[in-house]
Amino acid sequence: MDAILLQILNGLDKGSAYAMIALGLTLIFGTLGVVNFAHGALFMIGAFCAVTLNRILNLSYTVVDETQKDFLGNPLKVDVPYVKGIFGDAFGNAIIDWSVPLAILFSIPIMLAVGYAMERGLIKHFYKRPHADQILVTFGLAIVMQEIVKYFFGANPIPTPAPDALKGSIDFGVLVGLDVNAVVYPAWRFVYFCFAALVIGGVFAFLQFTTFGMVVRAGMADRETVGLLGINIDRRFTIMFGIAAAVAGLAGVMYAPINSPNYHMGMDFLVLSFVVVVVGGMGSLPGAVAAGFLLGILESFASMNEVKALLPGIDQIIIYLVAIIILLTRPRGLMGRKGVMED
Amino acid sequence: MFGLDKKDTTLLIVVTALVVLAPFILNPFPADSALAQFNAGYPDLMQRFVIFGIFAIGFNLLFGLTGYLSFGHAAFLGVGSYAAVWMFKLLSYNVVPAIVLAVIVAGLFSVLIGYVSLRRSGIYFSILTLAFAQMSYNLAYSVLTPITNGETGLQVYSNDPQILKGDGPDVTHLFGLEMGSAYTLDIGPWSFVFSAGYYFCAIFMLVAFYLAIRIFRSPFGLMLRAVKSNQQRMAYTGLNTRPYTLAAFVISGMYAGLAGGLMAAMDPLAGAERMQWTASGEVVLMTILGGAGTLIGPVLGAGFIKYFENIFSKINDSVLHQWFSFMPDGMEDFMVFIVHPFIGKGWHLTLGILFMLVVIFLPGGLVEGGQRIAAWLRGRGKKPAGGSGDPEHHPKPAPHVAE
Amino acid sequence: MGILEVKNVSKNFGGLKALSDVNLSVRENTVHAIIGPNGAGKSTLLNCLVGKLIPDTGSVMFDGQSVLGRHPYEINQMGISRVFQTPEIFGDLTVLENMMIPILAKRDGTFELNALTSIGSQKDVIERAEHMLEEMSMADKRHFHSGSLSRGDKRRLEIAMCLSQEPRLLLLDEPTAGMARADTNNTIDLLKQIKEERDITIAIIEHDMHVVFSLAERITVLAQGTPLVEDTPENIKGHPKVREAYLGESA
């Protein structure tokens, strides 16, 4: 029981990331009909937004502290971040400590802008081209984006800590009446899951309850007809692309403390996210989210020692295996609609 | 000649000449000159040219003809390498059994993957192949360690059986001819290296290229292009598309296996990273950059990428300063600053941008670029003639109004 | 006994009855038209004949053999060729290459791994393709990229491709849909000419009455998934039931 609960929890954080990336991929695919291989790179850029903000907040000037001496007996030189100078010690420290959550605000305009530029500058020229061309050009774009990041931030992972207050762990076992320490779960991962739920819920609410969302959903179902109604679908779709980019970026921002960002993290996630989209059903938003969590949790179950003893290596391949089985038995995925990408 | 028409024979002869004379052509600069760093005529790099050439030719037989975009072809290359190294471990360092087994194993493996993946088309096919390749890669790193030697990579140890070795050499060889052996020809300040390994691979590449031409020009090749063009019409014309695509998939898988086997024959190692999807991505880049669906394109693409990867990573800031030294100081620094991100380790950035430009503006790759330049030059000479100089398959005369 | 015998064929999509108890007999060497208002089940019936759909009940016999459960390519090899509503050709290939594919398919069957024979050496195939193009007066366009042909020429090429296989039965699915009047008349003339020159059975699904009455020798009227009447064009024209179900609306 406790083992199962623990595995479900363990699967949630990765599942959340898969779900958010897959949601964006599906939005782009459903609205624009474009297969975006650069979506993982957007996730990576989000993570580096957190890194960047952290660095900006840590920009320092040097003061000489007469009260302390270094080991040679000279007055100690101390680096003081500007934010401390401006806001005072306590508040300044708090700002730096909470840099990752703050990066959410910082990243949203950046990701919207990146998404907007990508769609207007590049993707829109590929609506009429074959899917293979779309895959290829966004694949090229992904390489370019990750190489740019590598140029500025180097090839090594950059640790980006969560706020101190959220660094500990939560004992879930006690909450549901199990033994102390039976199900201990890092607090930040739980935060990540809640955050993902919030973002995903927000996107769905936006699509469900706003006129804008309604038009977009109608456009996903039947683009031509909606276009005939005199509604400027293209502009809305551009905005949807920006939103999809922002969702991927936010997923990346909050993921930074879980896995230190490096320039190729996007590619690693992309491959899995594509598998998630296909399993969920190309073009189905609920399918993408459900499959994201499902595969995240499956992956975590497959890495249990008991399971591995039974089927060695299963943890390495479970996701791909599920994808292959689903694609062959239910070509449209779990919740796919008819007529999407069927040739 | 060899069952080819005149144009194809010319193409084959040109390619053969280039491959045979490569040690000269790729070493145009004297060994002690400053430009010697742009020489590419050393065995290791030349071997990579032809091996990746084979890989790309094979990939193009699938993607260029049928339009099925596989993102998992590196798996076959990796499997080929493993099979070859196992032959070294069990039999001897002779490369012949290694390469034969590499092709066979890769072929069988591609029958398996192709049979399953080809039940879907379009993006689903791409993702299925990607999933299979990633699965193979992950397995090679984990449970299959007894076969693949995991992260260390598979290599030959002195206590391996090598039952046929006798007192044969301790390096890879072809019936005694060591793959690493080379003859250096010095002419004045120039130095040309003729490597046994290179010529061994080159023969395979020429055969592979010749077979590719034959396939392109065969009724079978026509059917593969028909698959790309209209599967519905094909089915209603009485043709079963499945065996055609599977045959193309397996043939291209065997090409990849051959490339993998040759890699191991040049350096008896095999690692799982050869199967990673980035490696599959690389062959996609080569084929598209050179010109998918054309004969010479993939070879050009492979050579282009491998050459510039090698050269670009050698250029550093001091080389740049030399180049721009004719400029005023400020200007020089500025130029170096601008160019810096694209050289050295920034080669992948350059490659990514180049690749995007090709996909956007030049879908036919370098071959199309060459044709456009040729057409432009001819157009300047006189009014364009009706026939195009297209050295590749399907001439596409526009429905001209002028005639 | 007709060359094509459809017996008691029904097909449901979910709760929707697309075809119910269809019986149809196409006699050899006739032009048989199937007409009916939109949603009458014409396309469903056609798809059942070529293997794209499998009926829920009933049988479809071609020349004494059942076609049910066979793949489209097998049915084609039995001698049924299909012309689509929008011309389906190999748009990336030249006109001549387009012509060669069906001839190769007829000669070599559903699959042939002739990867090392040169296409230039297939003299019989090339000759036959060139001959066919000449017959269809398209010889001057043989090196054109077929995707760049006009719609009328694409249709002509598609019909030529089907005919080159010498099918026993040619199925045409609204061959003049979306065509200008001149192209429509050309297509009618072409089909008439084909009929005169060959022993061939033609089944045609059509909306355009002008086309139907210029070509058909027998007409089946389909309405709401069932055949109303089957008769000669003259009798169909005056038939009260048909007027009511179909012509009445437009007359």
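Predicted model: local features only at pLDDT ≥ 70, side-chain atom pairs only at ≥ 80, totals over all residues.
Close-up 1. The contact draws 31 residues from chain B and 37 residues from chain C. On chain B's side, the elements giving two or more residues are α8 (196-216), α9 (219-229), α10 (231-235) and α11 (241-266).

**Close-up 2. An open sheet in chain C.** Here are 4 strands in the order β2-β1-β4-β5, with antiparallel pairing. At the edges stand β2 (16-26) and β5 (65-66) of chain C; each has a single partner strand, so one side of each is left without a neighbour in the sheet. Helix α1 (residues 42-50) of chain C packs on this sheet and touches β1, β2 and β4 (57-62) of chain C. The helix direction makes about 60 degrees with that of β2(C).

**Close-up 3. Strands β1 and β2 of chain C, paired up.** Strand β1 (residues 4-13) of chain C runs antiparallel to β2(C), and the two pair over 7 bridges. For a spot to look at, find L4(C), which stands opposite V26(C) in β2(C).

**Close-up 4. Two spans of chain B that UniProt lists as "transmembrane region".** The unreviewed UniProt entry gives several such stretches for chain B, including residues 49-69 and 243-263. Residues 49-69 of chain B are 86% helix and 0% strand, and their end C-alpha atoms lie 23 Å apart. Residues 243-263 of chain B are 100% helix and 0% strand, with end C-alpha atoms 30 Å apart.

Conventions: Residues numbered from 1 in each chain as written. Chains lettered and ligands numbered in written order. Contact = placed C-beta atoms within 7 Å. Pairing = 2+ DSSP bridges. Axes fitted to C-alpha atoms, helices over the stretch in contact; angles between N-to-C directions. UniProt positions renumbered as here; feature names shortened; annotations may be inferred.
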